[in-house]
Amino acid sequence: QNIPLRDDIADVFLADLPFAGSTKKIHQEPSCTKKSEHISLSTKSSSSPSLDYRRVMTQAIQVMRSGGTAALLSTDTKALGHAIGGLHWSTVTKICGINVGGLSGQLSLMKKHQPSFKDLSMWVTNDTLDLCSILLRYAEKAICKFYLDDNLKMRELSIDDDDDNTRSQNNIRCGHNNGNTFKNLVVSVQLHDSFYHEKKRMFSQCYRFWFYGLVTNIQAKTLEQYIRDAVANKLPEGVIELR
């Protein structure tokens, strides 16, 4: 549940999972049917920490490279289903009815998605070359209050939390620590397309914003709106209007 590896290092992740909430390494305890039960079970005193499927899944997806595969065997399909939801991967296939010590288990094959991206198109003057660095600064400022918590859910820092020390603590808590640097959720901006529109007699440019590898497409869509609003409120030099 706390893998001592850096992000994006593994191509394959394999796990034979006990029941959620179990402190043993065998399949023996009843299923947790509600997410809240995972928390209550994990707080029980024990010689070893109880199993939290969500924690296992977030650890797995952090160390896996984009396009990597996870093979997960479990007899606790309800807990596994809760844990998988909302993370940046998809189910490739499921094999049900596997005999695991007399219990019916399921093998789930998961694939981590490529990093999310969003495009922003704009009309520009004919002497505008490349706005990537400028737009990256716009994006970083627009979404600087957002971070991923330890369950990889996107949160917004409150006014009281808006300082470098708190950001660093949030970063470490969710396992995205990179020295003392707060991990930006937008990674880079690329000039994706550029053309001259004959009818409008204007130049168009399309910029692609790439997000941190654990940001889901739904989360990226939310961040995209903040970035778009920031650019629209103060157009960079050379930009006529957004498309």
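Which elements each supply at least two residues of the lining of the largest cavity? In this predicted model, the elements in question are β5, β9 and α6, and the sheet is a handy place to start.

Four strands make up an open sheet, lined up as β8-β9-β5-β10 with antiparallel pairing. The edges belong to β8 (186-197) and β10 (239-242); each has a single partner strand, so one side of each goes without a neighbour in the sheet. From one strand to the next, the twist averages 30°. Between β8 and β9 (residues 202-211), which run antiparallel, there are 10 bridges. Along this pair, Ser194 sits opposite Gln205 in β9.

Two helices go with the sheet. Helix α4 (residues 132-142) packs on it, touching β5 (117-124), β8 and β9, and the direction of α4 makes about 130° with that of β8. Helix α6 (residues 217-233), for its part, lies across β5, β9 and β10 and runs at about 20° to β5.

Searching the whole structure turns up two cavities of 30 Å³ or more, and the largest cavity holds about 60 Å³ of space. Its lining consists of Lys118, Asp119, Leu120, Phe209, Phe211, Glu224, Ile227 and Arg228.

Conventions. Residues numbered from 1 in each chain as written. Predicted model: local features only at pLDDT ≥ 70, side-chain atom pairs only at ≥ 80, totals over all residues. Heavy atoms only, no water. Pairing = 2+ DSSP bridges. Axes fitted to C-alpha atoms, helices over the stretch in contact; angles between N-to-C directions. Contact = heavy atoms within 4.5 Å. 1 Å grid on protein atoms, 1.4 Å probe; cavity = no way out; pocket = protein on both sides within 12 Å on 5 of 7 lines; lining within 4 Å. Points joined across faces, edges and corners; volume = space filled by probe spheres on them.
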